[in-house]
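I opened my notebook beside the structure. Here is what I looked up, entry by entry.

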Amino acid sequence: MLKNKTTGSMLIVAGTTIGAGMLALPIASAGLGFSTALALIIASWLLMTYTALLMLELHQYAPRDATLNTLAKLWLGKRGQYIANFSMVFLFYALCAAYIAGGGAQLQARINIGFDVNIAPQFGSVILAVIIASVVTLGTSKVDKLNRVLFTIKIIVLASLFYMLTPYVQGKHLLEMPVEQGLILSAIPVIFTSFGFHGSIPSIVKYVGVEIKVLRKVMIAGAALPLVIYIFWQLLSQGIMSQVDLLNSQGLSGFVSSVASIAHNPGVATAVKLFADLALATSFLGVSLGLFDFFADTFKKGDNKTDRIKTALITFIPPLGFALFYPQGFIMALGYAAIALVVLAIFLPVAMVYKQRTTSNKTGYKVKSGNVGLGIAAICGITIIAAQFMQMAGLIPAIG
């Protein structure tokens with residue numbers, strides 16, 4: 001039973017990580033050159049895996065159902081709890097609103113074509129929100145089962161994409177040098193956020209139990225799978241086109257059109273669209289599950305049917321409302337996603353672990369590297385925020 005949960009939890013981590021943001025990686029790393037982009041991807045993976053393990057170090061001293069709300073209160077007091085809560089709600093509501101708006105539009109288009117009808121995009125958003133909310137409300141085991149099916153299909157679609165595109169990869173494109181140094185700073189926030197799965201860690205701990213050896217395996221393997229897929233995706237996207245052509249692609253749609261025309265295969269565009277749908281669904285499941293458990297912990301809601309429905313309403317109604325009536329507001333909020341994720345996935349774990357280590361002499365699981373590792377992680381977080389602000393201020397090139 002535990003082995004089954006372990007595999008499912010790894011796929012929840014990987015499914016949450018490999019969202020539609022993966023499709024933005026070629027655009028984000030355009031002009032960098034393959035080796036530079038590869039270095040940034042590996043560095044982001046190391047950083048996020050390290051801070052995920054820091055979270056496990058904290059969870060072993062907290063109740064099984066503890067979320068960031070409880071952890072922050074335990075080690076950082078009320079002020080830390082407020083910062084954690086604001087960052088979590090801000091980021092996850094923004095993500096959920098974006099998934100509902102974007103996924104709803106995709107679903108509406110599929111329904112209109114498939115059933116030869118003409119429904120409004122808002123109807124697609126409502127259907128998507130109801131489906132995801134229903135699965136999340138039924139519990140992590142149901143999310144696990146659905147996620148396995150979607151993730152398996154996603155891997156099959158990716159494998160077919162790789163099969164169609166590999167013959168067109170040229171070694172000379174992979175050896176090209178960066179076009180412009182400022183592009184490295186521009187790419188950092190996008191590549192960093194493509195490894196964001198930390199909001200679902202408390203849900204996985206609650207599902208598996210505080211079994212540190214098992215949870216370490218879940219975090220390391222769950223984050224390693226996206227790393228491997230991202231590297232192959234970079235090999236394809238940067239091997240098919242020159243850095244200059246990648247830079248001249250008009251966003252994601254332009255990139256997909258260029259790749260489809262190079263491969264002389266319209267099936268490439270279809271596969272990318274299907275992958276985007278599946279990536280959005282698995283990422284939405286992981287994010288909303290993390291937010292659901294966070295609210296259940298914050299508002300002290302139980303696991304009975306009535307309480308779970310109440311928690312679902314708190315989790316899904318606000319982002320659905322924003323997606324329907326004010327989608328641009330939360331799409332704009334996603335511009336600050338990297339900053340909120342730095343607070344959630346780097347600053348808070350580092351601060352809480354530092355406090356735990358300096359105020360307690362408990363002997364339990366401890367992530368190697370000591371205070372040096374904590375310091376390096378904090379510096380990385382500051383660098384990511386600085387890069388995000390520089391991009392927003394127009395000091396470095398904007399992505400896409």
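This is a predicted model: local features need pLDDT of at least 70, side-chain atom pairs count only at pLDDT 80 or more; totals for chains, interfaces and linings use all residues.

**Entry: a patch on the surface**

I started with Ile309 and found it in helix α14, which spans residues 305-325. Is Ile309 buried or exposed, or something in between? I noted a relative accessible area of 41%, so Ile309 is partly exposed. I then looked for its partners. Ile309, Leu313 and Ile317 make up a nonpolar patch on the surface. Together the three have about 270 Å² of accessible area.

The protein chain has an average pLDDT of 89. I also wrote down that 96% of the residues score at least 70. Where in the chain is confidence lowest, and where is it highest? The lowest value belongs to helix α15, residues 327-333, with a mean of 69. The highest belongs to helix α3, residues 34-59, at 95.

**Entry: aromatic pairs**

I counted ring pairs next. The count came to 8 aromatic pairs. One of them joins Tyr93 and Phe295. I found both Tyr93 and Phe295 to be buried.

I moved to another pair, Tyr99 and Phe284. This pair is tilted, with 5.6 Å centre to centre and 40° between the planes. Tyr99 belongs to helix α4 and Phe284 to helix α13, so the pair ties together parts 185 residues apart in sequence. I checked how covered each residue is. Tyr99 has 13% relative accessibility and counts as buried. Phe284 has 0% and counts as buried.

Ring pairs link Tyr93, Phe294, Phe295 and Phe299 into a cluster.

**Entry: a contact across the sequence**

I looked up Val143 and found it in helix α6, residues 140-165. Its relative accessibility is 1%, so Val143 counts as buried. How many residues separate Val143 and Leu289 in sequence? I got 146 residues in sequence, while their C-alpha atoms are 7.9 Å apart in space.

**Entry: positive phi in the loops**

I searched for positive phi angles outside glycine. His264 has a phi of about 50°, and it is not a glycine. His264 lies in the loop between α12 (251-262) and α13. At 68% relative accessibility, His264 counts as exposed.

Lys300 has a phi of about 55°, and it is not a glycine either. I placed Lys300 in the loop between α13 and α14. Its relative accessibility is 63%, so Lys300 counts as exposed.

**Entry: cysteines**

How many disulfides does the structure hold? I found 0. Cys96 has 0% relative accessibility, so I marked it as buried. Cys380 is partly exposed, with a relative accessible area of 30%.

Definitions and conventions. Residues are numbered from 1 along each chain as its sequence is written. Side-chain values use heavy atoms; hydrogens and water are left out. Patches are made of residues with over 30% relative accessible area and no salt bridge: like charges are joined within 9 Å, nonpolar side chains (Val, Leu, Ile, Met, Phe, Trp, Tyr) within 5 Å. Accessible areas come from the Shrake-Rupley method with a 1.4 Å probe; for residues, only the protein chains shown count as cover. A salt bridge is a side-chain nitrogen of Lys or Arg within 4 Å of a carboxyl oxygen of Asp or Glu. Helices (H or I, at least four residues) and strands (E, at least two) are DSSP runs, numbered from the N terminus. Buried means under 20% relative accessible area, exposed over 50%, partly exposed in between (1.4 Å probe, protein chains only). A disulfide is a pair of cysteine sulfur atoms within 2.5 Å. pLDDT is the predictor's confidence in each residue, from 0 to 100. Rings of Phe, Tyr and Trp (its six-membered ring) pair if their centres lie within 6.5 Å; planes under 30 degrees apart count as stacked, over 60 as edge-to-face and the rest as tilted.
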